[in-house]
Amino acid sequence: MNEQRVYLDHSATTYIKPQVFDEMLPYLTTHYGNPSSIYSLSRATENAIDQARERVAKALHADKNEIFFTGGGSEADNWALKGIAFANKHRGNHIITTKIEHHAILHTCEFLEKNGFEVTYLPVDSEGFINLDELRQAITGKTILVSVMFANNEIGTIEPIKEIGKICHEKKVLFHTDAVQAVGHVPIDVKAMNIDLLSLAAHKFYGPKGVGVLYIRKGIKIENLIHGGGQERNKRAGTENIAGIVGLGKAIELAQEEMDAENKRLTYLRDKLINGLSRIPYTKVNGPVGNKRMPGNVNVCFRFIEGESLLLLLDSKGISASSGSACTSGSLDPSHVLLAIGLPHEIAHGSLRLTLGSSTTEQDIDYTLRVLPEIVQRLRDMSPLWHTFLEKQENVSKPAV
Ligand SMILES: *Cc1c(COP(=O)(O)O)cnc(C)c1O
């Protein structure tokens, strides 16, 4: 039984699907020509990049000239924020984002603050949603950019992107969204959703790591992040990661084809897992319910226990999961997202994120629901906090003498 391997960390990264790998392989071996070269060996790679760009454009309802390949999601986020900030500093120095962004956004904002920009970090409610009136009020004459993530990587909240974009456009402010968790999983239409810039990364939807995209709406002025050769129409230097780009293109196309059926399947499994976990006493489900939550996201807090010990015991049962976000689970800091939705430190420490995906079966969910309650009980039995709590409970229920 312990030999069973259950991967429930699809928001951290995914495997490369075989169909994606098959398309990538020739570009790692026979088709190695530098796309910038003149000879015919390079034609195949040039065409492959072109086809991938078209596939991405189609998935986002964008134009192919608005798609720029990057070295992943973090680079796309850095480029969007720094590129827009430096191209617009004559217009203003104010940027608005949220408290629950990925560190690729938050740490970039901190860097910009050290370089003369001012950043407003919007709060979120108990389910992780920003307030549209607060956004409207935060925009000033100096605001140049609003950056709000499409879907949160920890608690699965899907923000009201179209409405946010509408407010930004009414106020003549640019709107960027970190859609790294959303692309390939929920429908996106950059035009209908009023999005000016959007970041995505292939490895979150069964493509390779180290390749992503920044969508930049036509006509937007942006400074380069990576300077050098003339690749990506003079906007992003560096010899193209051709195999990666080809993989990204195939992965996004596959994801579009499978999206509806896969979302139904994942939503059913997600809700089965959430309902099962809710039966464990003193458990809190974090994030929204229903269709405003990512289909594969489950996030719960078990009171009186540490997320870290939970992960180790789960791992010993063959289950890969995470606590907080992948980038912070090496540390003991509680998640900034859970603190932002109002959880106290001691509860935020006991959080568990289970993210479902293409490899997840109903047996995986049943197995997890079988082993998790025992693990939680075992950890509580060892927890001084739990025993103190039980003693207090007993005193309360004893009749006064
Ligand atoms: C994974 C992730 C990133 C970073 O993408 P990389 O490709 O790992 O650099 C940024 N934002 C969000 C929301 C993510 O989930």
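# A guided tour of the predicted model

Start by selecting Phe304, which sits in the loop between strand S10 (297-302) and helix H9 (307-316). Helices (H or I, at least four residues) and strands (E, at least two) are DSSP runs, numbered from the N terminus. This is a predicted model, in which local features need pLDDT of at least 70, side-chain atom pairs count only at pLDDT 80 or more, and totals for chains, interfaces and linings use all residues. Residues are numbered from 1 along each chain as its sequence is written, and side-chain values use heavy atoms, with hydrogens and water left out.

Stay with Phe304 for a moment. Is it buried or exposed? Phe304 is buried, because its relative accessible area is 12% (buried means under 20% relative accessible area, exposed over 50%, partly exposed in between, with a 1.4 Å probe and protein chains only). Now show what surrounds Phe304: leaving aside neighbours within four places in sequence, it is in contact with Tyr282, Arg380, Ser383, Leu385, Trp386 and Phe389. Contact means heavy atoms within 4.5 Å. Then select Glu346: its C-alpha atom and that of Phe304 are separated by 7.8 Å, although the two residues are 42 apart along the chain.

**The two domains**

Next, colour the chain by domain. The domain assignment gives domain 1 (6-13 + 259-392) and domain 2 (18-255); such bounds come from an automatic or database domain assignment. The C-alpha centres of domain 1 and domain 2 lie 29 Å apart. Where they meet, the contact takes 29 residues from domain 1 and 31 residues from domain 2.

**The largest core**

Select Leu60, Phe150, Ile188, Leu198 and Leu200. Of the 66 residues in the largest nonpolar core, these touch the most other members. A nonpolar core is a set of buried Ala, Val, Leu, Ile, Met, Phe, Trp, Tyr and Cys residues joined through side-chain atoms within 4.5 Å. Helix H8 (residues 242-278) gives the largest share of this core, eight residues. At least three residues come from each of domain 1 and domain 2. Apart from this core lies another, of 28 residues, among them Leu269, Leu273, Tyr367 and Val371.

Zoom in on Leu198. Which residues does Leu198 contact, leaving aside its neighbours within four places in sequence? They are Leu60, His176, Thr177, Ala179, Val183, Ile188, Val190, Val213, Leu214 and Tyr215.

**Two helices side by side**

Now show helix H2 (residues 43-60) together with H8. They pack at an angle of about 30 degrees, with their axes 8 Å apart. Axes are lines fitted to C-alpha atoms, for helices over the stretch in contact, and angles run from 0 to 180 degrees between N-to-C directions. To see the H2 side of the contact, select Thr45, Ala48, Ile49, Ala52, Arg55, Val56 and Ala59. On H8, the contact residues include Ile242, Ile245, Val246, Leu248 and Gly249.

While H8 is on screen, pick out Ala255, which lies in this helix. Ala255 counts as buried because its relative accessibility is 10%. Leu352 is 97 residues from Ala255 in sequence and 26 Å from it in space, C-alpha to C-alpha.

**Helix H4 and its surroundings**

Move to helix H4 (residues 103-113) and select its buried residues: Ala104, Ile105, Leu106, Thr108, Cys109 and Leu112. What do they pack against? Their partners are helix H3 (73-87), strand S3 (94-98), strand S4 (118-122), strand S5 (143-147), strand S6 (174-178) and helix H10 (336-340).

- Thr360 is found in the loop between strand S12 (351-355) and helix H12 (362-381). It counts as buried because its relative accessibility is 0%. Leaving aside neighbours within four places in sequence, Thr360 is in contact with Tyr7, Leu8, His10, Arg265, Leu269 and Ile365.
- His61 is found in the loop between H2 and strand S2 (67-70). His61 has a positive phi of about 60 degrees although it is not a glycine, and it is partly exposed, with a relative accessible area of 45%.
- Arg233 lies in helix H7 (residues 231-234). Its phi is near 50 degrees, a positive value in a residue other than glycine. Arg233 counts as partly exposed, at 35% relative accessibility.
- Thr140 lies in the loop between helix H5 (132-138) and S5. At 42% relative accessibility, Thr140 counts as partly exposed. Select Glu127 as well: it and Thr140 are 13 residues apart in sequence and 27 Å apart in space, C-alpha to C-alpha.
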